[in-house]
Amino acid sequence: MGILETDGVTKEFGGLTAVDDVNLEVDQGEIVGLIGPNGAGKTTYFNCITGFYPVTRGTVHFEGQDVTEMEPWERAREGMVRTFQQSRTMQSMTVKDNVKLTALDHPGERIVPTLLRSDEMVEYEQDVEERAYELLERFDLADQADTYAAQLSGGQRKLLEVARGMMMDPDLFLLDEPYAGVEESMVGRIADYVRELNEEEDMTFVVIEHGLEALVELVERLVVLHNGAVIADGDPHEVVNDEQVIEVYLGSSIE
Amino acid sequence: MSTETPTVEFSDDRLLWAVGAVLVLLGLAIIFSGLEFGLSGIILIVIEVGIFFLLYALLVLPVNVQFGVSGLVNFGPVLWFGIGAYATAMLASTGSYQGVTFGFPWPIAVLAGVVLAILVGLLLGVTTLQLRGDFLAVVTLAAAEILYGIVEKVGGFGGATGIGGVPRIFEAASFPMTDLAVTFVLAGVVVFVYALAQRITDSPYGRLLKAIRSDEDATEALGKPTFRYKVLVFIYGAVIMGLAGSLLALYNGAVSPGFITLDVTVLVWIGMLIGGAGSNRGSVYGLAIIMGLQLFTRIANEAFPVSQSQFAALRLMIIGLLLVLIIRYRPSGIWGNPEEREVL
Amino acid sequence: MGVIQSVIFGLQLGSYIAIAAVGFTLIYGVVNFINFAYGEYMTIGAFMTFITVNQWGLPAIVGLLITLVVTAVLGWIVSRIVFVPMQGTGAIPMLMASIGLGMFLRNFYQLIAGGEVRFVDIGASQFEFDFLGGFFVSTQHILIISSAFIIFALIHVLLTRTQAGIAMRATSHNELLARASGIRTKQVRRNVWIVASALAGVSGFLIGTTTFVSPLTGFNQILLVLAAAILGGAGSAYGAFFGSYILAFVITFTTAYLPTEVSGLGETLAFAVLIVVLLVRPSGLADVEVEA
């Protein structure tokens, strides 16, 4: 079994089927792209994988474990990290605090060490501070450390979301439209970081984009969703030239 | 690659703890020494208003941690204030004109008040904290009104008269001395609670709470059990507010519905908003401004015996106007940080 | 007291709450915030009762119509000064601002009119009946209850047959969509302020005829009005209307039938009902869509 496996995942809202029986297996170290016209159900599918939506039917397995009943925060702790379509950095916190926030198992997040200002807590915070700076430097955000996230550019905020997620040592990174709202110049950089992390840390990525050609260069495998169901899954170049896929994209007036 | 990362430092609050301890000891000293001296009329008025300022400060700090820091709209601080006050009063009172009393030793009564406050905080928290902001405001408000209605209308709770005969543990040589002692003790308690609130706010814990306020879903996606933290913040606040109520009962020797009206909630919220929601210091300062206006009108009233109610009306008009102006032109409050203001 | 009498009291209470609740919920749905100063708009209506009926000696109906116009205008002016410039700042800041405004207005009334309570005499007659347990109906009851039903009918026509009203419902339902369809939401909000203020005034006027007139007349009812609006489903005029009667009957019947020690708890029980509704069905009676 791969690092992520969804079996028959279906999500219905009242009469509407947003995700329709999606079976997907992702192996460790893969970079998989997930595309489809607007409304295809890509983000909804992500919400099902991460637990923000309970599935109507089907199961989600992560690293061999059935996580279908687990809360989103529990899945995140297991190593499943996601970003959001509209980047959701904490606007009223600094860049550095955004990254430090994500540290796991911080004694400072328990009330007693906090009230006592225990040595354990202070030491851990020092480690967190150093780790945060490392990550910020890696993503070239170090000189923005004390800027409030609200003042970053669109692309920088996307990078911040990735840097933040990295604090958790993720095994699987789910990126929801990382290029949306990002300046031209930054798009390439984001793609570079994804490749780098994939090569250096063997990190698995599933990336959503809604443009047909957007992910062709980045991913090794492309999955297409339409009306909640998978209509193509394979080599990116073949998939974007697939007739059915092209029709589906032409059929939706955008793109 | 590495630039020197700054050493992590938490602000040194030893002075605060020392000041708090000194204040409490001063107050206790006045009580136990039997010291007595005269105090002028004006000082007595200042002390009277001051005592309520300090009690309400014990409400504004938890409300600030809940709303200003964590984004939880708690419109019912008087619910826990009232629970602490009435539980302590009824359990410790040796006999009241109206209402049921039990005559237990007062530490037990205080403890019971705290436990009850925690239970109510837990119950309300678990059931309502998933509601969006304005609905949560309505529920907490309704809950506070329910308590008010019950203690005012049901005879067992003393009705409109309230519960009397509560042991007055701060009794000193005379009434003015008692008031003076209580002022010191309460001031010390406020300093302690402020120090605790700062430790929560200015720390990784506070960082987490601010993140919850900023974007709960994103915070959850980062592996934090956000709902749990919200309930815990609710409960911690409940404890402090309940204790404040207990202190009221033990100082005053009596409690009545008049202490837990909507007006108190409004006062606390206006104080927090004017001073700066999110800032512990700002919230207390803002409350001080409001109570300062109250003090001013009371003293001025002594000097000019104009109709008292008209003066009070003018004062409240000013406070209402001040709130509208702050929300419009300086929503982060006088001492708040505009960068840290969330668009709610 | 007979059941019929309780029903009549319930209808009366429900009626003036319903009129206010409809206005309140329109503001909630279209302008998107809880207006805690709404009670003060109602109080203007109550004072108008005193002025028009006691001081000018006009018949109640005439006074009512004058009140309607006066409060519509005054309410609109207040909204222009305080709330329109705040449009878009968010539900919580606007709620806070309304709290400050309410405090300002309440005490302003106190300052200029004094705190004493005034009674208005509209020359009501009473009709007594002996059957069905014995009950009486006064012209006040008739005035209030019929006003509510007439107003409900008018609001219904407004919301379903007029462009302005349909625009209100669309904006309340989904503002972005409404604007995309060409609706001038700024105008819609202005209309809502006018209508809601008028309704507050009418409700206050009717309260003035039955109980008494004081600077706190409206404020005393605000929580009940809020509860009714939320029970009905925030933003739904129909829900607010029926929610008001439900709460009113809860109050009048508990007052009538509970033992005296706890009979004053009617209003408290209404709040308990509110909390339960918010927990079980936050969308209210009318099942209004709730955004998280």
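Predicted model: local features only at pLDDT ≥ 70, side-chain atom pairs only at ≥ 80, totals over all residues.
Two strands count as paired when DSSP finds at least two bridges between them. Strands β4 and β5 of chain A qualify, for two bridges join them. They run antiparallel, and β5(A) covers residues 65-66.

Start at the turn. Two residues lie between the strands of the β4(A) and β5(A) hairpin. A:Glu63 takes a positive phi there, near 50 degrees. A:Phe62 stands opposite A:Gln65 in β5(A). Strand β4(A) has another partner: β1(A), residues 4-13, pairs with β4(A), residues 57-62. That pairing is antiparallel too and has five bridges. Within it, A:Asp7 has A:Thr59 of β4(A) as its bridge partner. As a general point, side chains in a regular strand alternate between the two faces of the sheet.

Now step back to the whole of chain A. Nine helices and ten strands make up its secondary structure. Its radius of gyration is 19 Å, close to the 18 Å of the globule rule for 255 residues, so chain A is as compact as a globular protein of that length. The C-alpha trace spans about 60 × 40 × 35 Å along its principal axes. Of the 255 residues, 48% count as buried. Among the contacts in chain A with a separation of 6 or more, 68% link residues 24 or more positions apart.

Where does the buried side of helix α6(A) pack? First, the helix itself. α6(A) runs over residues 154-166. Its 13 residues should span 18 Å at 1.5 Å a residue, and the end C-alpha atoms are 19 Å apart, which agrees. The buried residues include A:Arg157, A:Leu160, A:Glu161 and A:Met166. They pack against two strands, β6 (80-82) and β7 (172-176) of chain A. They also pack against the helices α3 (95-101), α5 (119-138) and α7 (184-201) of chain A.

A:Thr147 lies in it, between α5 and α6 of chain A. A:Thr147 has 15 C-beta neighbours inside 10 Å, so it counts as partly exposed. Beyond its neighbours within four places in sequence, A:Thr147 is in contact with A:Thr94, A:Val95 and A:Leu152. A:Val95 is 52 residues away in sequence, yet the two C-alpha atoms are 5.9 Å apart.

Chain B is built from helices. It has twelve of them and zero strands. Residues 24 or more positions apart make up 79% of the chain B contacts with a separation of 6 or more.

Chain B gives 39 residues to it, and chain C gives 37. On the chain B side, the elements giving two or more residues are α4 (106-128), α5 (133-153), α10 (262-275) and α12 (308-329). By class, that side has 26 nonpolar, eight polar and five charged residues.

How values were computed:
Residues numbered from 1 in each chain as written. Chains lettered and ligands numbered in written order. Helix = DSSP H or I, 4+ residues; strand = E, 2+ residues; numbered from the N terminus. Rg over C-alpha atoms; globule rule 2.2 N^0.38 Å. Buried ≥ 20, exposed ≤ 12 C-beta atoms within 10 Å, placed from the backbone. Contact = placed C-beta atoms within 7 Å. Nonpolar A, V, L, I, M, F, W, Y, C, P; charged D, E, K, R; others polar. Expected span 1.5 Å × (residues − 1).
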